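Colleague: Could you take me through this model, one question at a time, and tell me what each term stands for as we go?

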Amino acid sequence: MVDLGPDASRRDAVRKGDFLAATEAAVARWHGIPAPNAPARRMAAELAALIEAFDALRGALVFEDEPSCFEAALRETMEPSR
Amino acid sequence: MTDLAALSLAEAAAAVRTGAATALALLEACRANRDRANPKLNATIWHDDAGAEAAARAADAAVAAKAPLGKLHGVPLAHKDMYYQAGRPCTCGSLIRKDFVPAVTATAIERLHAAGATVWGGLNMAEFAQNPTGHNRHYGDCHNPWSLAYIPGGSSSGSGASVAARFNYAALGSDTGGSIRLPASACGVTGIKPTQTRVSRYGAMPLSFSHDNVGPLARTARDCALLLGVIAGHDPKDPTSADLPVPDYEAALTGDLRGVRIGLAETYFLDGADPPVVAAAEQALRVLAGRGAIVSRIRLPLMDAVAAYGGVVSRVEASAIHAQWLRERPGDYATHLSGRLYPGLAIPATYYIESLSRRGPVLRAFAREVFANVDLIASPTIRTMLPSLAETDIDHGPPGTETRFMAVSANTRPFNYLGLPAISIPCGFDPDGLPIGLQLAARPFAEARLLAAADAYQRDTDWHTRLPPVLAP
């Protein structure tokens, strides 16, 4: 067990390291593709921010019309005169 | 003597139709500028001069024979090298497709052919249309005609650069996250991303089938109206294309903006924006107000959702398309591209489906709130001053270069998830002498409104007529 100590940024760094390792393992298992380079690893690590963004949206969005066809929405939101 | 390469697309087409110029003379004028500017710009991947000459002679023979002539009869064009033409190369800016010769022709190209236009070459582009900067490891980076060290914008980099450097009257680009609007902005030309489904994507290299759009870059809004009118409309070969009538876009260009409500987007679009860019956008709105537009500031809803969901859709779809090649030929991708594709493989299918299924409701809620108050949403196309190629070179730059790279398309990506039409028009220059673009977006299928506003603006300004230094003797 790693002793994280009181330093929050270090704790974050370790957590991101764990996240990246788990992400790489999942991609290798599901797709048979290793991380091709350092930028790939950096951008994969940023998926943590995507998870946070989705977390923040959960419960914040309430739509009257639930999952439906996008093409229909395009037509419904045209200018009324058209 | 008229410089034929300096004509707009509409003027060039009219010159051939009326006999004021031959198709061959147009081609030669463009070729002269290409020979002068392109060694510095690297805006082309291939060109077929013999084929282009033969096509021009055939076009001139048709004029002499008084044959029926299309709207673009005899006008030589080149397009982003991702539009399939049966029997001609189509590299998609990649090493992987270096020797690809398609067996079919894209519907957009077929419609241009039917209107009489000819094709002289394939233009440089980001590898598989996957960067906003114009870097290309395989065919060399494309350069900005206003200052060679700077990005020309991507992914339709050669489209923007060739039109700005007056060796191409107009070009097809493609736009999945800004790839028409960004090079239009960076190179000082006009480019429109139509409403999702407005133009057939048949025979266009796919990147993200939910977000991909086909559209033109040209020197003026009028030229974009002309070209869009030719390529838009339902296509049975692309069942996702909208079965709606195509308006007469050129007829909408009246110069009259009385009562048109334009809101400068404050939320998200100005976050971290550079003051000279904001000032140019604000000045552009004052010009539009002079034509009768009612200008205000507007806060946009749901931008967090648009950013999160849109990012998932683009990444997952692109990664799925490229998974096989990533597995078998990882070394044939540029570092920045395989680096960008890789994370998409890790996103759960449930996130992807959630993002897609929310798209309609998000659009409805966004449209209800925004378009009750404005007809057009305005913003800078690129919110910062233009970066250099070196500053955005992920392949050779330090960690963190990705941030600068991704910032280029921050203001264009939202309209791909929302599916809304958006146009970029030149509206000034930054302190480095690089063009600034104003982006206008509208309701679905309101391209005529966008083109009318852009055309009205260009009646009162001359940014779009200025010549880049790359053409200096």
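Colleague: At what angle do helix H7 and helix H15 of chain B pack?

Modeller: This is a predicted model, in which local features need pLDDT of at least 70 and side-chain atom pairs count only at pLDDT 80 or more, whereas totals for chains, interfaces and linings use all residues. Residues are numbered from 1 along each chain as its sequence is written, with chains lettered from A and ligands numbered from 1 in the order in which they are written. Helices (H or I, at least four residues) and strands (E, at least two) are DSSP runs, numbered from the N terminus, and axes are lines fitted to C-alpha atoms, for helices over the stretch in contact, with angles from 0 to 180 degrees between N-to-C directions. Helix H7 (residues 221-231) of chain B and helix H15 (residues 447-460) of chain B have axes 8 Å apart and pack at an angle of about 155°.

Colleague: Why is H7(B) described as roughly antiparallel to H15(B)?

Modeller: Angles under 35 degrees count as roughly parallel, over 145 as roughly antiparallel, 65 to 115 as roughly perpendicular and the rest as oblique. The angle between these two helices is about 155°, which makes H7(B), relative to H15(B), roughly antiparallel.

Colleague: Which residues outside its sequence neighbourhood is B:Leu451 in contact with?

Modeller: Two residues are in contact if their C-beta atoms, placed from the backbone, lie within 7 Å. B:Leu451 is one of the H15(B) residues that make the contact with H7(B), where B:Ala221, B:Cys224 and B:Ala225 are among the partners. Leaving aside neighbours within four places in sequence, the contacts of B:Leu451 are B:Ala221, B:Cys224, B:Ala225, B:Tyr249, B:Ala252, B:Leu253 and B:Ile423.

Colleague: Which elements give two or more residues to the side of chain B that touches chain A?

Modeller: In this interface, 38 residues of chain B are in contact with 37 residues of chain A. The chain B side receives two or more residues from each of helix H9 (303-328), helix H10 (335-344), helix H11 (349-357) and helix H12 (359-370).

Colleague: Is A:Val27 buried or exposed?

Modeller: A:Val27 lies in helix H1 (residues 8-31) of chain A, and, not counting residues up to four places away in sequence, A:Val27 touches A:Ile33, B:Leu345 and B:Ala346. Because A:Val27 has 23 C-beta neighbours inside 10 Å, A:Val27 counts as buried.

Note on methods:
A residue is buried if 20 or more other C-beta atoms lie within 10 Å of its own, exposed if 12 or fewer, and partly exposed in between; C-beta atoms are placed from the backbone.
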